[in-house]
Amino acid sequence: MAVRTNISRQTLATVRNLGILAHVDAGKTTVTERMLFLAGVIHKRGEVHDGTTVTDYDSQERERGITIFAAAVGCHWDGHRLTVIDTPGHVDFSDEVERSLRVLDGAVAVFDAVAGVEPQSESVWRRADRYGVPRIAFVNKMDRVGADFERAVASIRERLHPVPLAVQLPIGVENDFTGVLDLVRMRALVWTGGALTAGPIPDDLASAAQAARRELEEAVAERYSAALEEFIAHSALSDDTLTAALRALTLAGDVVVVLCGAAYRNIGIEPLLDAAVAYLPSPADRPAVHGVGDAEVLRAPDPAEPFAALAFKVHATGTGRLTFVRVYSGTLAKGDTILDAGTGRRERVARIVRVQADRHEEVEQAVSGDIVALIGPKAAAAGTTLCAPGAPVLLERPTRTEPVVSVAVEAQSRADTERLAIALARLVEEDPALVVRTDPETGQTLLSGMGELHLEVAVEKLHRDRGLVVSVGRPQVAYRETLLRGVSGLLYRHVKQDGGAGQFAHVVLTVEPLALGESDDGTAVFEFASTVVGGAVPREYVRAVEAGCRDALAEGPLGGHPVTGVRVTLTDGATHPKDSSELTFRTAGRLALREALRASVMQLLKPEVELTVTVPEDGVGTVLGDLGARRARVSGSTVRGGTAVITAAVPLAALFGYATSLRSRTQGRGTFTTRPLGYAPAR
């Protein structure tokens with residue numbers, strides 16, 4: 001694959017691939033819309049409540065007023081090209097956020113000035129930590145009643161544990177919020193009718209600005225050696241030194257630059273764009289991506305390197321199948337043949353397009369650092385590595401969260417049964433967080449996802465996009481089974497003789513509980529060990545026993561649910577010179593562990609979520625009563641400005657239909673969010 005570009009690392013330095021991350025209703029989409037307007041991409045500001053924003057283009061997003069699908073848009077600002085991905089804020093669509101974070105270079109975390117850090121903003125922050133994505137923070141909705149910039153910054157420090165460095169102070173509060181004090185350039189930025197005016201800091205705010213600037217300089221000098229030298233020599237930092245130090249500390253993940261504004265009133269977006277350019281990384285600033293080929297492979301962000309890209313989203317449109325990719329190295333031109341590194345399949349790229357939400361602009365080539373969509377590949381899915389056929393490499397896939405809620409789906413007419421199967425396959429292809437399987441006992445088709453809303457959106461998509469009307473059964477949750485007390489020295493003999501080669505395997509197993517954190521990877525799933533001495537069971541048969549034990553964990557004795565939290569030790573065994581084989585020992589391992597689990601004391605586990613309910617103060621009593629009926633364990637309740645925030649751990653199964661119940665009990669004024677907590681004993 002020949003290089004067809006003269007693009008240099010200097011050009012890559014003017015590229016920014018960033019995501020907008022936040023809790024639902026913190027204002028992500030409005031922030032993105034204002035960015036596009038100021039950059040000249042759109043000429044009229046859209047509003048979420050009117051269903052007119054660029055990134056919430058899907059009909060369900062516009063009707064529900066929330067972001068459901070991650071949408072990519074592009075713009076130019078101050079000589080830089082920005083690709084911005086507006087990500088969902090609802091917990092049910094966190095897999096969209098996960099896949100986006102895998103391919104982003106930086107992110108803007110948006111926080112509500114009243115609520116500060118909320119459950120889902122905390123969740124996406126941890127995901128960004130996992131991928132090492134540098135971030136800046138934007139405290140939005142400073143014009144709301146109860147807005148408090150200092151409290152929001154404190155919540156970032158206390159709940160997310162970074163070092164937040166405020167580079168702005170608000171001018172005015174709540175409805176009197178009109179602008180910000182820029183602590184880097186020491187100026188006042190005031191918006192009047194949406195127009196920005198920069199001027200000197202007013203006298204009544206000068207002392208507060210000077211104190212905040214001094215505090216900022218000291219914090220930077222303490223953490224950045226080059227700034228420390230200047231600070232010692234001059235007792236101050238120049239604006240350029242401060243900017244360079246903040247950029248270096250942000251790229252290293254040592255600090256988080258914090259800005260503020262009110263996106264709905266068009267306040268604070270220009271400085272936010274300036275900060276994204278000044279502090280967030282370009283593709284050239286990011287380390288070489290690790291991959292696996294014949295050996296470990298490093299691919300630098302260089303257009304001259306062999307081509308390598310990661311697909312992170314697939315979308316079927318009326319004009320064809322779009323495969324969204326992040327190009328990590330090399331150059332791809334229209335008409336090139338590329339390799340699916342996972343399957344070995346070769347695909348031809350018919351067209352390359354830059355995506356502007358639901359609009360597309362065709363380009364001739366894509367280079368390292370680009371986020372584009374490809375038309376032509378027919379089998380690539382989210383997580384697929386696409387690379388040059390002559391230089392194969394396999395990149396790390398995004399982490400996928402296991403679904404927790406299932407519903408039975410069935411076509412209402414027999415004629416639509418085959419169409420439904422095809423539509424479900426396409427649905428799963430577009431959204432890997434969905435899983436379709438057939439229940440072996442009932443024969444029902446089960447659609448599994450991350451929550452009620454996730455499944456509701458998926459079923460509605462079947463109707464709108466495919467014209468299918470389906471019957472939906474009651475949601476089911478994904479239970480687990482675990483061990484409370486195991487067995488020791490269980491002997492299992494697998495002996496079978498039916499005329500041909502026989503089957504012979506003796507195994508002795510000890511089965512015991514595995515607590516969280518005891519296993520090698522810090523989770524409580526399964527651990528296998530062998531203490532067999534003297535070669536009684538050859539090594540290849542030991543591996544077969546382990547594989548058989550893993551097979552047995554698929555269905556537990558209580559209700560056929562997957563088993564977790566088990567440590568199995570193979571302590572002894574015996575073989576036959578002719579009748580023993582790996583298959584025989586795998587069968588013995590499976591049947592032995594099943595027998596051991598039936599003889600053990602088992603515990604059913606139920607999925608739990610952390611529920612955060614926001615209600616008017618006068619509705620607290622009725623909400624707490626309802627939570628008690630749902631077997632919730634209330635962990636906290638705070639009241640601020642006439643609004644109560646209640647936090648509780650609740651069984652997921654008890655939350656079905658909670659949205660309707662909460663609305664009816666609070667006259668439509670109550671809202672709630674959830675965050676997965678894991679599994680707890682069912683009582």
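Me: Over which residues is the pLDDT below 50?

Reply: Here is the general idea: where pLDDT is low, the predicted coordinates should not be read in detail. In this model the pLDDT falls below 50 over residues 1-6, a stretch with 19 contacts beyond near neighbours in sequence. Residues 517-523 also have a pLDDT below 50, with 10 contacts of that kind in the model.

Me: Now a helix. Which residues of α15 are buried?

Reply: One way to read a helix is to list its buried residues and then look at where they point. Helix α15 spans residues 620-629, and Val620, Val623, Asp626 and Leu627 are buried there. These residues lie on the same side of α15, because they cover an arc of only 130 degrees around the axis. On the face turned away from that buried side, you will find the exposed residues Gly621 and Ala629.

Me: What covers the buried residues of α15?

Reply: The cover includes strand β36 (601-616), strand β38 (643-651) and helix α16 (658-665). While you are there, step just past the end of α15: Arg631 has a positive phi of about 65 degrees.

Me: Let's turn to helix pairs. At what angle do α13 and α14 cross?

Reply: For a pair, read the angle, then the axis distance, then the residues that touch. Helix α13 (residues 539-552) and helix α14 (residues 582-599) cross at roughly 40 degrees, and their axes come within 7 Å. That angle makes α13 oblique to α14, and the crossing is right-handed. On the α13 side the contact includes Tyr541, Ala544, Val545 and Gly548, while among the α14 residues are Phe585, Gly589 and Leu593.

Me: And how far apart are the axes of α9 and α10?

Reply: The axes of α9 (residues 239-252) and α10 (residues 269-279) are 9 Å apart, and the helices pack at an angle of about 70 degrees. That makes α9 roughly perpendicular to α10. Thr243, Leu246, Arg247, Thr250 and Leu251 of α9 meet Val277, Ala278 and Tyr279 of α10.

Me: I also check backbone angles. Where is Asp25, and what is its phi?

Reply: The background is that most residues other than glycine have a negative phi. Asp25 is not a glycine, yet its phi is positive, about 75 degrees. Asp25 sits in the loop between β1 (15-22) and α2 (28-38). With 53% relative accessibility, Asp25 counts as exposed.

Me: What about Lys141: where does it lie?

Reply: Lys141 is in the loop between β5 (135-140) and α6 (149-160). Lys141 has a positive phi of about 60 degrees, although it is not a glycine. Its relative accessible area is 23%, so Lys141 is partly exposed.

Methods
Residues are numbered from 1 along each chain as its sequence is written. This is a predicted model: local features need pLDDT of at least 70, side-chain atom pairs count only at pLDDT 80 or more; totals for chains, interfaces and linings use all residues. Side-chain values use heavy atoms; hydrogens and water are left out. pLDDT is the predictor's confidence in each residue, from 0 to 100. Contact means heavy atoms within 4.5 Å. Buried means under 20% relative accessible area, exposed over 50%, partly exposed in between (1.4 Å probe, protein chains only). Helices (H or I, at least four residues) and strands (E, at least two) are DSSP runs, numbered from the N terminus. The arc is that of the directions from the helix axis to the C-beta atoms. Axes are lines fitted to C-alpha atoms, for helices over the stretch in contact, and angles run from 0 to 180 degrees between N-to-C directions. Angles under 35 degrees count as roughly parallel, over 145 as roughly antiparallel, 65 to 115 as roughly perpendicular and the rest as oblique. A crossing is left-handed if the near helix is turned anticlockwise from the far one by less than a right angle, and right-handed if clockwise.
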